[in-house]
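Colleague: I would like to go through this model with you. Can we take it piece by piece?

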Amino acid sequence: MTELPETAILRYTAFSSDPEGGNPAGVVLDASALDDAGMLAVAAELGYSESAFLTGPAEASAPGARGYVIRYFSPKAEVPFCGHATVATALALAERDGPGDLEFSTAAGPVPVTVAREGAELRATLTSVEPHVTEVAPEDVTEALAALDWPAGDLDPALPPRIAYAGARHLVLAAATRERLAALSYDFARLEALMHRLDLTTLQLVWRASETVFHVRDPFPVGGVVEDPATGAAAAAFGAYLRALSQVPETAGLTLHQGEDMGRPGTLTVTLRAGDARVRVSGTGTAIPAPAGA
């Protein structure tokens with residue numbers, strides 16, 4: 001198995017300009033020498049919820065866009081799409097090569113990303129693959145609630161459970177109160193088993209603070225991580241969910257706060273456009289200093 005020099009493994013956080021906030025990701029801008037086992041080993045050693053690996057160039061569909069093949073690994077397995085690692089990689093490329101348009105070839109399909117400078121910060125906006133939202137069996141909701149130790153009466157009836165997809169599958173469950181969302185302590189093995197059976201990447205647990213502002217949390221046991229601090233793929237899926245259930249207008253801007261209960265606050269902006277089924281997720285980010293001695 002090929003090993004990379006430590007300098008080839010970058011560390012970025014996405015959806016926060018503070019290295020102590022948002023969701024950290026490993027980023028390898030040239031992973032062409034790594035096989036699957038090598039990428040998984042890097043992701044496991046870093047221990048972040050996901051790490052991203054550029055394995056080569058790709059032809060972009062948009063004129064002038066830079067194209068790359070990208071893969072994502074959690075500490076336990078490869079995942080088809082990861083929003084925060086996409087943002088982190090786009091920011092790393094923008095710092096190296098300058099802002100502009102990118103297109104990542106993912107296992108879920110092509111994902112365009114635009115990086116623009118806003119004052120002293122860079123902001124990346126990804127455009128999801130076409131999403132879809134499906135019903136979830138009542139017995140599966142019951143099992144999820146049992147694993148979470150959430151009484152069914154603590155759910156918000158205005159936001160019914162659904163499975164939402166925008167590159168990866170997420171079970172959306174809405175808490176009726178902020179206190180319910182904050183009290184997250186779940187049966188790791190039981191929830192992991194359900195998620196494998198339903199092919200879920202995370203649970204998108206949400207609480208609606210206002211018409212366009214939400215607080216969210218994402219258990220991620222299938223990735224070997226208790227909780228994901230800021231989840232771009234789930235944010236895109238949640239935007240599709242809200243539109244499918246007519247909870248927001250066809251054109252809407254949403255703000256998702258995530259990571260506060262973990263001590264890693266981050267902010268994700270979700271944009272819906274009339275006439276375009278895809279969902280846009282944007283945020284800032286920053287490099288994380290390498291550990292001492294690395």
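Colleague: Is Thr284 buried or exposed?

Modeller: This is a predicted model, so local features need pLDDT of at least 70, side-chain atom pairs count only at pLDDT 80 or more, and totals for chains, interfaces and linings use all residues. Residues are numbered from 1 along each chain as its sequence is written, and side-chain values use heavy atoms, with hydrogens and water left out. Buried means under 20% relative accessible area, exposed over 50%, and partly exposed in between (1.4 Å probe, protein chains only). Thr284 has 10% relative accessibility, so Thr284 is buried.

Colleague: What is the place of Thr284?

Modeller: Helices (H or I, at least four residues) and strands (E, at least two) are DSSP runs, numbered from the N terminus. Contact means heavy atoms within 4.5 Å. Leaving aside neighbours within four places in sequence, Thr284 contacts residues including Phe15, Val87, Leu91 and Arg123. Thr284 sits in the loop between E17 and strand E18 (285–287).

Colleague: Which residue joins Ser282 in a polar contact between side chains?

Modeller: Ser282 lies in strand E17 (residues 276–283) and counts as buried, at 7% relative accessibility. Not counting residues up to four places away in sequence, Ser282 touches Phe15, Ala124 and Thr267, among others. A polar contact is a pair of N or O atoms within 3.5 Å; within protein, one must be able to donate a hydrogen and the other to accept it, and residues adjacent in sequence count only if both atoms are side-chain atoms. At 3.5 Å, the partner of Ser282 is Arg123.

Colleague: How many salt bridges does a search of the whole structure find?

Modeller: A salt bridge is a side-chain nitrogen of Lys or Arg within 4 Å of a carboxyl oxygen of Asp or Glu. Some are linked in a network, made of Arg178, Arg217, Glu227, Glu260 and Asp261. The search of the whole structure gives 17.

Colleague: How many residues apart are Arg66 and Asp97, which form a salt bridge?

Modeller: The closest N and O atoms of Arg66 and Asp97 are 3.6 Å apart. Arg66 is partly exposed at 23% relative accessible area, and Asp97 is partly exposed at 40%.

Colleague: Which helices hold Glu143 and Arg190?

Modeller: The side chains of Glu143 and Arg190 meet in a salt bridge, 2.7 Å from N to O. This pair links distant parts of the chain, 47 residues apart: Glu143 is in helix H3 (residues 138–148) and Arg190 is in helix H5 (residues 188–198). Glu143 is partly exposed, at 24%. Arg190 is partly exposed, at 36%. The helices are H3 and H5.

Colleague: Is Glu211 buried or exposed?

Modeller: Glu211 forms a salt bridge with Arg208, with the closest N and O atoms 3.7 Å apart. Arg208 is buried, at 17% relative accessible area. Glu211 has 56% relative accessibility, so Glu211 is exposed.

Colleague: How many residues has the largest nonpolar core?

Modeller: A nonpolar core is a set of buried Ala, Val, Leu, Ile, Met, Phe, Trp, Tyr and Cys residues joined through side-chain atoms within 4.5 Å. In soluble globular proteins, nonpolar side chains tend to be buried together. Phe104, Val113 and Leu148 are among the residues with the most contacts inside the largest core, which has 84 residues.

Colleague: What is the relative accessible area of Pro219?

Modeller: Pro219 is found in strand E13 (residues 213–220). Leaving aside neighbours within four places in sequence, its contacts include Leu184, Met195, Leu203 and Val226. Pro219 is buried, with a relative accessible area of 0%.

Colleague: What is the radius of gyration of the protein chain?

Modeller: The secondary structure comes to six helices and 18 strands. The radius of gyration is taken over C-alpha atoms, and the globule rule is 2.2 Å times the number of residues to the power 0.38. That rule gives 19 Å for 294 residues, and the chain's value is close to it, so the chain is as compact as a globular protein of that length: 18 Å.
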